[in-house]
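Please load the model in a viewer and keep the selection tool at hand.

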Amino acid sequence: MSADDGDPGDQPPARAVGAGRAGARRPIADAVAAKRRAQLVAGLRGFARPDPAGRSVEKAVAGAGGPTTLNSVIAAAVAAAAEERCDLCQTTVPEDHRHLLNLYERRIECVCESCWALRSGDADYRPVGARTLWLGDLELPDDVWASFQIPIGLAFFMESSVAGCVVALYPSPGGATESELHFSSWSRMVELNPILADLEPDIEGLIVNRLSEPPSYVIAPIDRCYALTGTIKANWEGISGGPGVREAVSSFFDELQAQAVAL
Ligand SMILES: [Zn+2]
Ligand SMILES: [Zn+2]
């Protein structure tokens, strides 16, 4: 299941990998480039965890036959391409690494432990939220939802200290679409659900999924919120999104629920 670092900002340039000699190595470079493209389309920035698309490329490449040595070369090339680096110092980071929010560029940075320790206090950066709360009985009446004017039943809300208001971001095939909420509609939400008054600005968000039955409501770290929009962008097909999106969204929420504290 993809847990992409959604990136609302600029895409990083594709890293050159396995350019090497032509001939036998060419398909490796192609497969790796395809994998990188899939990740870029997902709106990732140095995303660490393997995604289903990435794995299938890996499998397709590994299953391409040929001598064992070629397969091991391929495996090494794929592993090297999947290796994640700290966005701030370029050192290699493990799959399970920390994230900092670049406050002004609204971008998630994958970081190593030392950059996390050194830069967390910078004015430009914030450590992403740490808690995941599954809100079993959040109240969101239809008229309040309608007042947000969000075209689909899936969005996340965050208080932006830079914009000075609560914004809703909802996924679309082009990435996250953002709209500022009227103060009155969000204050109605907080009145109904006092827990939302504790939502930490910038670093965490409220994810609302009204496509599921019953609807799901989760307070999650902001990198996870953007991951949802990245997942949707990566799996979108055609006009309506197709079955791939529905599946991806439902596994995203299963994973989130498994990590969450239920309230
Ligand atoms: Zn670093
Ligand atoms: Zn990351």
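Which residues does Ile-207 touch, not counting residues up to four places away in sequence? Select Ile-207 in this predicted model: its contacts of this kind are Phe-156, Val-218, Ala-220, Cys-225 and Leu-228.

Now display the strands. Seven of them form an open sheet with mixed pairing, in the order E9-E8-E7-E10-E11-E6-E12. The edges are strand E9 (175-180) and strand E12 (261-262); each has a single partner strand, so one side of each is left without a neighbour in the sheet.

Within the sheet, select residues 154-160, strand E7, and residues 204-209, strand E10. These two pair in the antiparallel sense over four bridges, and Ala-155 stands opposite Val-208 in E10. Helix H8 (residues 242-259) packs on the sheet, where it touches E7, E10, strand E6 (133-134) and strand E11 (216-221). The direction of H8 makes about 65 degrees with that of E11.

Finally, select residues 222-235, helix H7. From first C-alpha to last, this helix of 14 residues reaches 20 Å, close to the 20 Å expected at 1.5 Å a residue. Is H7 buried or exposed? Of its 14 residues, 14 are buried, so H7 is largely enclosed by the rest of the structure.

Terms used. Residues are numbered from 1 along each chain as its sequence is written. Chains are lettered from A and ligands numbered from 1 in the order in which they are written. This is a predicted model: local features need pLDDT of at least 70, side-chain atom pairs count only at pLDDT 80 or more; totals for chains, interfaces and linings use all residues. The expected span of a helix is 1.5 Å times one less than its number of residues. A residue is buried if 20 or more other C-beta atoms lie within 10 Å of its own, exposed if 12 or fewer, and partly exposed in between; C-beta atoms are placed from the backbone. Two strands pair if DSSP finds at least two bridges between them. Two residues are in contact if their C-beta atoms, placed from the backbone, lie within 7 Å. Axes are lines fitted to C-alpha atoms, for helices over the stretch in contact, and angles run from 0 to 180 degrees between N-to-C directions.
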